[in-house]
Amino acid sequence: MLSTKKTKPTSSNPYQISSSDTIASNDDILTLILRCLPLKSLLKFKTVSKHWLSLITHPRFRPKHSSTAISGLFLRRLSRRTNPIFDFVNLSPHRSRAPFRSLTFVNDPSGIRILQSCNGLLLCCSFRVFRTAYYVYNPTTKHYTVLPPLGSSRNNAFGFSLAFDPSKSSHYKVICITNSDPDLPDHYQVEIYSSETGPWRPSGRPFVAPSHVQFKNGVFWNGAIHWLSDWGDSLCFHVEEEQMRDIPMPSILDEAVRPCRYFGESRGHLHLVEIYGPDNLLFDVFEMERDYSGWFVKYRVDLNPVAASFPEMVRGYVDPIDLQFYAFSVLCVVREETDEGSFMVLHLPNKAIRYNFKDNSFSKVHDFAPLGSRAELVGDDSLEFECFDAYQFIESFACA
């Protein structure tokens, strides 16, 4: 850390000033030095002084080293419909406090919910009188932006998605899918908001899409927003080219609806998990080729040892809600810098575990507090979270 100790004046030069004082008194030089530091050091140096805090959290401050490591997961508790409370599953090697328990950056009695996470930024919303307000929030710097109203299409919005790639630009875009014609429910329009250029604008002509595409759960990867369909091909929207394309999907086996248990991105990789049958603890994690030529098996998973160690995940019956004999859900597939460290976060009743792909080892990483009255209604073997209920936390100084 930089020394702020002053050099005592000498008889030969009573006005002598140390080099550290020169740097500390020059914001331009100090900012250049701070920009070269790793993110974890910057987070610590925010506490050195109010002046350093103001420099590091300034909207124009851009550190050279951006992180793609997932430090944890935010999960919204189902026991609170208003003023939602979030659990935080820490995935970093060091103990870390949750960045927040609830989102209070604006005063809204209905509370703020997370819609999507994308490379350190969160797309959020709150339900106000006569309209829904949308925000982009950085949980590291606590900065946020209120998105402008969508306009006449706000009541026909089917889904909002955040597109942000800090390796290419400091700006982000928000994609909204609206209904272009109330009389034609399968006709849609893409609307785009840019943090660089401002207001919402329509992109291209209206397009036709089947009703089984899930526009509420977009995943940003490879410069595009991706949406799953319950059957057939899925869709993606390339943000820069502003073009909608089909995504080839694995063939559906013996089921009417695609049995998707996970769909998400990590460190530039798009993953898909499909589990067939109500009592299957053997499944594959697929990865999409970057040229969209198809999916390939990246990891093979065997959860039989997990079920033996955590018998509470064995229900003894097929749940009428998720149609599964075993109580578990995939919250996140996490890629590390080296593939040997990659792992998966699973949700079991009242806990989360970390499952390492390389050696199939596993360990508990989090205990969830009981759900109270809800647990009495649905039973102790219930699951509170699915994959789209988990939002990645990546430390970032990106401007929201």
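1. Ser203 is buried, with a relative accessible area of 5% (buried means under 20% relative accessible area, exposed over 50%, and partly exposed in between, using a 1.4 Å probe and protein chains only). The residue sits in strand β10, residues 198-208; helices (H or I, at least four residues) and strands (E, at least two) are DSSP runs numbered from the N terminus. Not counting residues up to four places away in sequence, Ser203 touches Gln189, Val190, Ile192, Phe237 and Glu242, where contact means heavy atoms within 4.5 Å.

2. A word on the source: this is a predicted model, in which local features need pLDDT of at least 70 and side-chain atom pairs count only at pLDDT 80 or more, while totals for chains, interfaces and linings use all residues. Residues are numbered from 1 along each chain as its sequence is written, and side-chain values use heavy atoms, with hydrogens and water left out.

3. Glu242 deserves a look of its own. Its side chain is joined to that of Ser203 by a polar contact of 2.6 Å (a pair of N or O atoms within 3.5 Å; within protein, one must be able to donate a hydrogen and the other to accept it, and residues adjacent in sequence count only if both atoms are side-chain atoms). Glu242 lies in the loop between β13 (234-238) and β14 (243-247) and is partly exposed, at 27% relative accessible area. Although not a glycine, Glu242 has a positive phi of about 55°.

4. Tyr292 is another one to check on your screen. This residue is not a glycine either, yet has a positive phi of about 60°. Tyr292 belongs to the loop between β17 (282-288) and β18 (295-302), and its relative accessible area of 17% makes it buried.

5. Now for the chain as a whole. Its secondary structure comes to six helices and 23 strands. Of its 400 residues, 47% are buried. Among contacts between residues at least 6 apart in sequence, 45% join residues at least 24 apart.

6. Leu348, in strand β20 (residues 343-348), is buried at 0% relative accessibility. Leaving aside residues up to four places away in sequence, Leu348 touches Val306, Phe310, Met313, Ala327, Phe328, Ile353 and Leu383. Phe310 is 38 residues away from Leu348 in sequence, and their C-alpha atoms are 8.4 Å apart. Leu30, in helix α2 (residues 27-35), is also buried, at 0% relative accessibility; its C-alpha atom is separated by 8.9 Å from that of Trp52, 22 residues apart along the chain.

7. If you are thinking about cysteines, the structure holds zero disulfides (a disulfide is a pair of cysteine sulfur atoms within 2.5 Å). Cys118 counts as buried at 4% relative accessibility, whereas Cys399 counts as partly exposed at 23%.

8. Finally, the second largest pocket holds about 980 Å³ of space. A pocket here is an open set of points on a 1 Å grid over the protein atoms alone, where a 1.4 Å probe fits, with protein on both sides within 12 Å along at least five of seven lines; lining residues have an atom within 4 Å of a point. Of its 35 lining residues, Arg261, Ile321, Asp322, Leu323 and Glu386 are the closest to the centre. The elements giving two or more residues to the lining are β15 (260-266) and α6 (373-378), and β15 gives the most, with three residues.

Note on methods
Points joined across faces, edges and corners; volume = space filled by probe spheres on them.
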